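Have the structure open in your viewer and get ready to select a few residues one by one. We will stop at rings, then at some backbone angles.

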Amino acid sequence: MSKIILDAKAFQNAVDTISKEIFEDNRDIISELTIVGIQNKGVFLAKRILTIVAKLAGIDREQISFGTLDITLHRDDLDDFGSDMPVIKDTVIPFDMSRKNIILIDDVLYTGRTVRSALDVLMDFGRPKSIQLAILVDRGFRELPIEAKYVGVKYQSEKFIKVECEETDGMDKVTVAK
């Protein structure tokens with residue numbers, strides 16, 4: 001049994017709010033803003049946010065730099081996978097990150113270890129002007145000093161939080177195990 005944290009409407013409202021805040025804080029959209037999604041669910045959220053920010057700016061979404069990031073090989077817990085090797089996804093950063101404001105997007109922020117790994121990968125591509133973190137769900141209980149600038153919802157829980165996206169699961173929903 002699970003408890004719904006965000007239904008489809010609240011999920012979309014959270015994405016809309018994050019998008020509006022990103023737009024308001026980053027006025028030089030075309031020349032400086034870059035949106036990067038962390039594989040898997042962060043990529044789907046990043047694409048939605050990209051579309052909304054572009055619409056708010058009155059430009060085509062292709063005018064905003066977009067990338068995807070796989071942090072699998074930078075994780076500090078690969079030994080925890082045992083014989084089940086994790087699936088490696090694409091990292092695509094088809095732009096120069098120098099002097100860019102990177103919006104790094106993921107679905108859930110918990111310990112901070114995924115974001116730390118993402119920062120390691122990003123730094124391999126260059127030195128951005130800034131990195132701003134956007135998260136759909138901040139569940140607290142950080143192990144590292146990492147905080148998101150943009151948060152859809154804060155829901156403090158040590159229990160597993162599941163994010164379902166229409167693109168992969170047929171619906172938008174966030175639940176927590178009871």
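Select tyrosine 110 and arginine 139: the arginine lies over the face of the tyrosine, 3.5 Å from the ring centre. Here a charge sits over a ring if NZ of Lys or CZ of Arg is within 6 Å of the ring centre and within 35 degrees of the ring normal. This is a predicted model, in which local features need pLDDT of at least 70, side-chain atom pairs count only at pLDDT 80 or more, and totals for chains, interfaces and linings use all residues. Residues are numbered from 1 along each chain as its sequence is written, and side-chain values use heavy atoms, leaving out hydrogens and water.

Next, pick phenylalanine 23, where arginine 27 lies over the ring face at 4.6 Å from the centre.

Now for the backbone. Most residues other than glycine have a negative phi, and most peptide bonds are trans.

Go to glutamine 39 and asparagine 40: the peptide bond from the former to the latter is cis, with omega near 0 degrees. Asparagine 40 is in the loop between strand S2 (33–38) and helix H3 (41–57). Helices (H or I, at least four residues) and strands (E, at least two) are DSSP runs, numbered from the N terminus.

Select arginine 99 in the loop between strands S3 (65–69) and S4 (101–109); its phi is positive, near 60 degrees.

Finish at phenylalanine 141, between strand S5 (130–138) and strand S6 (150–154) in a loop. Phenylalanine 141 is not a glycine, yet has a positive phi of about 60 degrees.
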